[in-house]
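Hi,

Here is the structure we talked about. Please open it and follow along with the notes below.

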Amino acid sequence: MKFDTPATDNPIDQLKIIGKPTDRVDGPLKTSGTAPYAYERHDVVPNQAYGYVVGSAIAKGQIASMDLKEAKAAPGVLAVVTAASAGMLGKGDFNTAKLLGGPEIQHYHQAVALVVAESFEQARSAAALVRVQYTRSKGNFDLAKSLDGAIKPPASFGAEADSRFGDFDAAFASAPVKLDARYTTPDHSHAMMEPHASIASWDGDKLTLWTSNQMIAWSVGDVAKTLGIPKEKVRLVSPYIGGGFGGKLFVRSDAILAALGAKAAGRPVKVALQRPLIINNTTHRPATIQRIRLGATTDGKLTAIGHESWSGDLKGGGPETAVGQTRLLYAAPNRMTAMRLAVLDLPEGNAMRAPGEAPGLMALEIAIDEMAEKLGIDPVAFRILNDTQVDPEKPERPFSQRRLNECLTMGAEKFGWKDRSPKPGLTRDGRWLVGTGVAAAFRNNINEKSAARVRLDRNGMVIVETDMTDIGTGSYTIIAQTAAEMLGVPLTQVEVRLGDSLFPVSAGSGGQWGANSSTAGVYAACMKLRTAIIDKLRFDPADAVFDKGKVRSRGKSIALAKAAASGEIVAEDLMEYGDLGQKFQQSTFGAHFVEAAVDAATGEIRIRRMLAVCAAGRILNPKAARSQVIGAMTMGAGAALMEELAVDKRFGFFVNHDLAGYEVPVHADIPSQEVIFLDEVDPTTSPMKAKGVGELGICGVAAAVANAVYHATGIRVRNYPVTLDKLIDKLPDVA
Ligand code: MOS
């Protein structure tokens with residue numbers, strides 16, 4: 001089915017099940033520990049051996065020699081896989097050739113060997129006996145010192161490195177009110193709960209991988225390319241995923257090494273990347289250095305917006321697209337943005353929740369706060385004053401919907417913004433300095449084609465099969481809601497099967513496109529199934545109604561089970577979008593409000609309350625969506641106050657590479673969170689009229705926190721994370 005905008009009225013609009021705050025259908029499995037994660041699938045294939053990964057001890061250079069004698073002779077060892085034994089890996093679409101290093105080493109903790117043994121302990125113990133001699137070469141690990149050599153990268157995720165509109169230089173030079181400031185964001189780690197893990201099993205030349213992966217079809221393709229086998233010979237199974245945040249968009253070393261290990265050992269092999277290995281072995285969100293220049297008239301109209309961002313990656317990599325939102329968020333007739341890329345020999349930088357916008361807004365939304373203060377305008381009012389309803393760099397292209405102003409206005413009202421003092425540092429609560437901050441949230445909405453198969457079985461059960469994944473987001477639930485609504489059955493009469501490459505290819509989970517795209521694919525398949533049922537019953541399609549487990553037409557009513565009595569009815573279809581992306585700028589919007597307190601003596605920072613107001617089309621399941629947004633807000637609080645991969649600039653690795661050293665927020669850090677969704681339906685997105693929220697929720701949060709800390713203390717911190725050492729020398733004397 002091809003989507004024609006605007007979507008017409010359709011069975012989803014009944015909203016009997018869609019749009020209702022629905023408990024997760026996989027909740028009981030999750031809470032009772034019976035939703036198995038990849039490494040726990042002891043039962044899928046017998047005789048599983050254990051693999052343990054050895055990571056490179058240098059960041060750049062060569063393996064001079066490898067002595068495997070002792071390791072191979074250790075108790076229980078079945079095989080040792082190295083680049084020398086496995087041969088060259090093929091080049092996948094996502095840097096998979098680097099998943100096993102040697103003789104060339106490209107980054108620290110790059111896998112150099114997999115030791116396979118009867119038990120995990122034996123594999124780990126033998127891994128310590130792998131003797132590797134390295135020849136280290138000089139690497140480049142310092143982004144701040146690499147700005148001069150940074151290059152203009154090719155377009156990344158469809159975004160050109162540079163954009164120009166009007167005459168930025170002249171407008172900025174002549175602007176009566178100006179800001180020119182530099183901001184930095186550090187490297188971040190996904191730090192998901194479930195480690196990257198895979199079980200590999202060969203049946204002749206056929207490979208099955210039980211794994212933890214957000215994008216099944218991409219990864220089938222990449223496993224095949226990397227191992228040099230046809231993709232028809234690869235099956236990936238990933239029904240439950242303990243978090244991904246972009247770190248599991250691609251095949252990583254656990255999957256490839258498990259496959260190579262299973263081949264070498266002649267039996268199934270399971271590999272979980274060790275927690276202390278994950279951060280340097282896999283991908284991370286790259287650090288940025290950003291310069292923002294704003295020019296405005298004295299009455300607060302922006303006349304010039306300039307945003308430049310520098311980030312680094314391994315040779316051949318891409319930039320962090322931190323200027324993307326600045327091309328779209330505020331009006332101004334003169335604009336320039338630019339991304340520059342430095343070659344660094346740190347581990348691979350890549351997508352992490354809201355890649356681009358998350359770090360981009362960390363800078364932009366502090367800059368907007370600073371500019372509002374210079375102008376003497378309230379920061380909510382300043383944002384509203386500079387709203388735009390069209391793409392500011394392609395004025396002929398409207399936003400499909402843009403209700404940023406309503407998010408800001410409603411948020412200000414609910415949060416109690418109006419009595420806020422414009423001056424910082426004025427509110428004391430005992431030893432605490434208290435302040436409030438605001439930031440806009442922006443994230444694009446992307447439509448990806450997505451397919452599904454729906455079956456009506458003889459018992460009247462509706463079974464949905466698609467390779468869509470549920471990374472903890474609620475995909476099972478919203479897909480069940482969609483099928484239930486479309487076929488007029490209760491949720492209990494729907495079974496959803498996900499995450500298996502035997503199923504039709506879905507949009508997968510990434511870029512917050514999963515919810516709208518995958519349910520739209522299920523919608524298409526359900527439309528086809530409805531037609532098949534109507535045909536079979538010889539009902540009139542014009543008046544057939546699916547309701548309460550029955551189909552009604554012209555006074556006749558037949559139970560679905562009966563319609564399928566003579567045999568299961570199956571339908572499969574795909575939803576696709578053609579050039580929809582060119583017609584409209586589709587984006588999601590929000591506003592974040594934060595109250596923070598700073599200890600006047602120690603600089604300790606405590607978030608007191610957070611509010612998000614989001615405009616993201618129809619909300620398919622407000623309970624699941626709220627859960628996504630509060631999780632994202634928590635992650636934003638982490639980015640504001642805690643998260644930072646510390647770079648060892650001598651030897652080129654992330655020092656705090658485990659969950660003890662990489663600090664993320666816990667419940668006690670976030671005492672109060674509220675989420676409001678604007679009542680909105682966007683018929684240009686799909687028949688579901690929905691958009692994504694999973695990434696919108698993090699966008700802008702960190703800046704709202706930083707702005708609240710500024711309002712509390714009068715101290716402007718432009719280098720994240722905002723930690724007490726950056727405040728303590730500047731705090732007012734304690735009374
Ligand atoms: Mo997302 S960073 O595209 O999983």
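Predicted model: local features only at pLDDT ≥ 70, side-chain atom pairs only at ≥ 80, totals over all residues.

Side chains of opposite charge can pair when their charged atoms come close. The count of salt bridges comes to 49.

Start with Lys-225 and Asp-93. Their side chains meet in a salt bridge, 2.8 Å from N to O. Lys-225 sits in helix α6, and Asp-93 in the loop between α3 and β4, so the pair ties together parts 132 residues apart in sequence. Lys-225 is partly exposed at 41% relative accessibility. Asp-93 is exposed at 52%.

Next, Arg-340 and Asp-162. Their closest N and O atoms are 2.8 Å apart in a salt bridge. Arg-340 is in strand β15 and Asp-162 in strand β7, 178 residues apart. Arg-340 is partly exposed, at 23%. Asp-162 is partly exposed too, at 29%.

Then Arg-402 and Asp-387, with 2.7 Å from N to O. Both lie in the loop between α10 and α11, 15 residues apart in sequence. Are they buried or exposed? Arg-402 is buried, with a relative accessible area of 4%. Asp-387 is buried as well, at 17%.

Last, helix α4, residues 120-127. Ala-123, Ala-126 and Ala-127 are buried there. They cover an arc of only 105° around the axis, so they lie on the same side of α4. What covers the buried residues of α4? The cover includes β1, α2, β3 and β5.

Best wishes

Note on methods
Residues numbered from 1 in each chain as written. Heavy atoms only, no water. Buried < 20%, exposed > 50% of the residue type's maximum accessible area, 1.4 Å probe, protein only. Helix = DSSP H or I, 4+ residues; strand = E, 2+ residues; numbered from the N terminus. Arc of directions from axis to C-beta. Contact = heavy atoms within 4.5 Å. Salt bridge = Lys/Arg side-chain N within 4 Å of Asp/Glu carboxyl O.
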